Amino acid sequence: MLLLAMGILFPVLFAPSDAHAQNNPVLAQFIDKVPAASLVDGADGYGPIDAHNPVAPILKNGTRIGWAFITSDFVGTTGYSGKPIHVMAAVDDDAKVIGVKLVKHSEPIVLIGIPEARIAALTEGYIGFDLVQAAKGADHELNIISGATVTIMVIDDSILRSGIKVARALGLGGLSTPTATTGPQFKINPDASAPADWQTMVGDGTLRRMSLDVGQVNDAFAAMDDPRATERPITASPAETFIDMYATLVSIPAIGRATLGERGYNNLKSWLKEGEEAILVAGRGQYSFKGSGYVRGGLFDRIQLIQGDMSVRFRDRNHRRVGDIMVGGAPELTEMDLFKIPASNDFDPTQPWRLELLVHRDIGAVERLYTTFDMGWQPPATYLKKVVKPEQKAASQAPSTLETDEQAAKTALWQRIWHDKTIEIVVLSIMLFTLTLAFFFQNILTRSAKFTFWFRISFLTVTLVFLGWYANAQLSVVNLMALTNSLVTGFTWEAFLLDPLTFILWFSVAAALIFWGRGAYCGWLCPFGALQELTNRIAKLFHVPQWTLPWGLHERLWAVKYIIFLGLFGTMLASIDQAEKLAEVEPFKTAIILKFDRAWPFVLYALVLLGAGLFIERFYCRYLCPLGAALAIPARIRMFDWLKRYKECGSPCQTCAHECMVQAIHPTGEINPNECHNCLHCQVLYQSKKICPVVIKKLKRQESLLASMEGAQKALNRTQTTKHNPKEKS
């Protein structure tokens with residue numbers, strides 16, 4: 001109900017208008033937050049933002065010394081997190097970078113041991129970079145921090161491409177916007193034909209090949225200035241193949257039919273939308289052009305396509321594997337993949353392009369050096385056709401086409417992620433099904449205290465190890481913040497479908513709130529809650545004393561978690577970024593997501609909470625958890641009471657109240673559903689023949705009644721025997 005209310009209310013009250021979003025560049029959001037002096041040494045202010053381009057003059061003593069801009073105003077800057085990386089840069093009249101500052105990002109790099117200051121320092125290292133030379137295609141040394149490859153490559157790409165666009169738009173350094181033409185001089189010839197065999201395709205340029213042996217790669221690293229590059233050479237034979245890679249523009253009909261076959265080309269056409277192109281990249285050897293980074297971050301960090309000052313880095317949503325190459329004489333290749341070039345990149349299939357391969361070398365436990373190799377491609381003349389009056393796309397159709405393409409890409413991405421997570425989804429489904437059966441048939445389950453205990457311990461272990469440490473499916477109050485923010489800025493299902501386990505868990509939690517309240521999640525499916533309970537069980541084995549707070553104090557401490565949640569929710573309405581920082585009150589990220597691999601203050605905080613839980617079972621859940629508070633509020637709609645009680649519970653019997661692990665049972669006997677974790681221990685006691693006084697009393701009455709009946713039966717038997725045996729009577 002809370003989520004439904006927010007879904008109805010917030011879009012109405014806070015949704016920004018389309019006009020405002022379009023007319024408010026990202027630069028306007030940061031220009032007042034980044035002092036000019038912190039961006040460019042000696043600068044003392046900014047001028048007004050230009051009316052035609054999202055740039056602002058940088059002033060020194062009233063004189064303009066350069067132009068400031070935000071990279072994400074000009075190019076896509078989506079990083080590992082799926083959110084933009086905002087970098088503020090400045091260029092002078094010679095098109096040289098005079099200032100760079102990382103102003104905002106959502107990258108997880110600072111959570112895995114890489115200080116943000118190190119990323120910021122590398123970013124600021126672009127000061128002095130010559131955009132004129134970059135526009136001419138000059139190579140530059142790319143400094144990459146191991147563990148943050150995707151992030152650094154996105155930052156590098158965004159600074160270069162946005163800087164060149166700004167320089168062209170403002171005429172800096174002699175650069176200018178390419179002269180508009182009435183259309184391309186050539187277009188793809190749909191009637192062309194491709195060679196029928198692999199070697200001929202390689203020979204005439206239909207396929208371009210780059211073959212690197214181990215010796216060439218070792219020589220490339222030896223030529224670097226860093227002496228560490230030669231310390232760990234590849235030990236294989238210098239003549240051994242390092243990588244043998246091929247590439248072509250497979251969206252050209254003749255090439256597509258020749259390499260993929262008619263059926264494969266038709267599938268390719270159905271995958272591509274208007275304005276999109278695709279390349280085929282295939283290879284073999286000891287080095288993979290795909291790597292494995294895209295599995296974690298969705299970005300192929302080893303290859304990029306470059307055409308002029310435009311570059312394309314491919315994400316997993318724009319990737320498909322190829323089962324087989326149909327052209328005759330094709331070699332045996334270990335990797336065959338299609339990569340889509342989105343229409344928004346303005347890629348021209350009639351012009352040359354090159355594919356850049358990034359090769360790394362480990363120089364330490366976590367450090368690497370990188371170098372690049374280029375493979376150029378241009379369409380052979382046979383695939384081109386001169387045109388006199390090229391067709392022009394209607395400008396009014398472009399936004400609609402891009403929106404459709406983006407929607408299709410999002411849908412394809414989440415569908416692929418769900419497919420890749422099939423095993424995890426199946427295991428989670430089994431867990432939810434098992435837990436549902438346990439709740440529905442809890443009377444049968446709780447007949448055996450021993451079975452119930454081991455069932456719970458086993459389930460919590462799976463929750464911690466599989467759901468938490470392996471699958472990272474730990475729900476958080478941050479998820480609720482993201483939902484609310486999405487409702488404010490424009491809700492889309494795709495944003496939440498990208499994490500299938502979290503999506504399934506939230507829907508199961510929503511259903512469980514109606515049937516069982518918050519306890520279904522908090523008591524069974526929360527990895528950090530499982531960690532607390534399991535460590536407390538271990539502590540009890542070592543006879544660690546258990547503390548029970550006085551009921552009055554305990555009852556008042558319940559309110560703390562609600563105060564924390566309301567504080568976070570109120571902060572979120574003012575600043576989602578600040579709220580996410582304050583949400584570190586949850587130790588979930590440290591203990592579950594990052595498995596304690598984090599800066600020591602965060603680890604210490606999590607360990608303190610777990611330490612308190614050794615003495616007060618589920619200490620954090622009881623008093624501090626804002627997620628528990630957030631779930632308890634809508635859980636008031638719970639429709640059923642599954643936990644059975646006797647009228648004697650609480651008066652006089654206090655057994656369940658004393659043994660409840662989170663003290664959710666009032667001294668008067670009733671269970672507080674806001675605090676109950678549905679551990680089912682009270683239901684075990686409810687049926688216990690050794691502990692529950694009501695059951696014991698009932699059994700004694702039954703035994704007494706049974707004894708009376710047996711005595712009466714014996715007396716009756718004796719009477720009947722006497723009647724039938726007169727001698728016995730005398």
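Biologist: Which residue forms a salt bridge with Asp93?

Modeller: First, this is a predicted model, where local features need pLDDT of at least 70, side-chain atom pairs count only at pLDDT 80 or more, and totals for chains, interfaces and linings use all residues. Residues are numbered from 1 along each chain as its sequence is written, and side-chain values use heavy atoms, with hydrogens and water left out. A salt bridge here is a side-chain nitrogen of Lys or Arg within 4 Å of a carboxyl oxygen of Asp or Glu. For Asp93 the closest N and O atoms are 2.8 Å apart, and the partner is Arg64.

Biologist: How many residues apart are Asp93 and Arg64?

Modeller: Asp93 sits in the loop between β4 (86-91) and β5 (97-104).

Biologist: Is Glu533 buried or exposed?

Modeller: Buried means under 20% relative accessible area, exposed over 50%, and partly exposed in between (1.4 Å probe, protein chains only). Its salt-bridge partner Arg537, at 3.8 Å from N to O, is partly exposed with 27%. Glu533 has a relative accessible area of 0%, so Glu533 is buried.

Biologist: What separates Glu533 and Arg537 along helix α20?

Modeller: A helix is a DSSP run of H or I with at least four residues. Helix α20 covers residues 527-541, and the two residues are four apart in it. That means they are separated by about one helical turn.

Biologist: Which residues are linked with Glu533 and Arg537 in a network of salt bridges?

Modeller: Side chains of opposite charge can pair when their charged atoms come close. In this network, Glu533 and Arg537 are joined by Arg456 and Arg618.

Biologist: On to cysteines: how many disulfides does a search of the whole structure find?

Modeller: A disulfide is a pair of cysteine sulfur atoms within 2.5 Å. Cys656 is in none, as the nearest cysteine sulfur, that of Cys649, is 5.5 Å away. The sulfur of Cys679 is 6.0 Å from the closest one, in Cys660, so that is too far for a bond. The search of the whole structure comes back with zero.

Biologist: What is the relative accessibility of Cys679?

Modeller: Cys656 is buried, with a relative accessible area of 11%. Cys679 counts as buried too, and its value is 17%.
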